[in-house]
Amino acid sequence: MSTAAFFAKIRSYADLSEESERAWASLLRPRHYRKDEVFIQAGDVPASFAFVVKGLLCQHYIGRDGDLIIKYFFPETRIGASVSATLLRQPSPFTITAIEDTDVLEYDFAAFKALVHAHPDIAAFYIGYMERHWIIEKEPGEIAFRHDDAMQRYLDFIRREPELHKRLKQHHIAAWLGITPESLSRLRRKIAIGRLGER
């Protein structure tokens with residue numbers, strides 16, 4: 001499996017020297033996950049991160065009422081992980097599953113952290129990635145889930161992720177919004193009626 005897409009993505013956060021690229025490339029392990037196969041199981045202590053080359057992973061858990069709740073989607077060029085559990089070396093509260101046949105490049109997080117300490121350019125990537133995806137992107141989403149209704153969150157999701165939206169099954173979107181598939185159908189009917197009224 002080619003590492004070109006991986007390093008192209010990494011360089012969108014920080015420039016890497018050839019030495020750093022070689023060191024990181026030595027950690028990468030190609031892996032294929034079939035649809036519905038688990039990458040990280042809730043209750044296990046995760047040790048790896050996975051860069052999605054092709055396919056789609058989702059991070060989820062089971063709510064108090066036994067409902068599936070999706071926390072995050074990892075499409076192509078995103079790095080899938082149960083980050084807090086990996087950092088703390090604790091059991092993950094989340095499962096990460098392939099919801100399409102998925103090809104990834106996995107790397108051991110402890111070995112990667114050793115590279116972070118040894119290579120300033122890899123450290124710059126790590127800081128940039130965490131700032132963008134776990135602070136800048138995460139905070140507005142947390143506010144939206146507290147203050148916006150399901151319709152507004154759904155419209156924002158369609159606007160932000162139009163291609164991903166087309167790939168997802170209705171029950172995946174509903175589980176991400178925290179509503180039932182029936183409620184999502186009602187939202188879609190309202191949107192369709194609103195568009196017809198604009199004509």
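**Buried rings and the space beside them**

I began with F49, which at 6% relative accessibility counts as buried. The model is a predicted one, and I kept that in mind throughout. I looked up Y107 next, and at 2% relative accessibility Y107 also counts as buried.

I then turned to the aromatic pairs, of which the count comes to 22. In the pair of F49 and Y107 the ring centres are 6.0 Å apart and the planes stand at 55 degrees, so I noted the pair as tilted. Because F49 belongs to strand β3 (residues 48–54) and Y107 to strand β8 (residues 102–108), this pair ties together parts that are 58 residues apart in sequence. A second pair, F73 and F157, has ring centres 6.3 Å apart and planes at 35 degrees, so it is tilted. Here F73 lies in strand β5 (residues 68–74) and F157 in helix α7 (residues 150–160), so the parts tied together are 84 residues apart in sequence. I found both F73 and F157 buried.

Which residues line the largest cavity? I listed F49, I79, A81, V83, Y107, F112, F125, Y126, Y129, M130 and W134, and by class this lining has 11 nonpolar, no polar and no charged residues. The cavity has a volume of about 70 Å³, and helix α5 (residues 120–136) gives the most to its lining, with 5 residues.

Last, I looked at the second largest pocket, which holds about 150 Å³ of space and is lined by 14 residues, with F94 among those nearest its centre. K71 lies over the face of F94, at 5.3 Å from the ring centre.

Terms used: Residues numbered from 1 in each chain as written. Predicted model: local features only at pLDDT ≥ 70, side-chain atom pairs only at ≥ 80, totals over all residues. Heavy atoms only, no water. 1 Å grid on protein atoms, 1.4 Å probe; cavity = no way out; pocket = protein on both sides within 12 Å on 5 of 7 lines; lining within 4 Å. Points joined across faces, edges and corners; volume = space filled by probe spheres on them. Helix = DSSP H or I, 4+ residues; strand = E, 2+ residues; numbered from the N terminus. Nonpolar A, V, L, I, M, F, W, Y, C, P; charged D, E, K, R; others polar. Phe/Tyr/Trp six-rings, centres within 6.5 Å; stacked < 30°, edge-to-face > 60°. Buried < 20%, exposed > 50% of the residue type's maximum accessible area, 1.4 Å probe, protein only. Lys NZ or Arg CZ within 6 Å of the ring centre and 35° of its normal.
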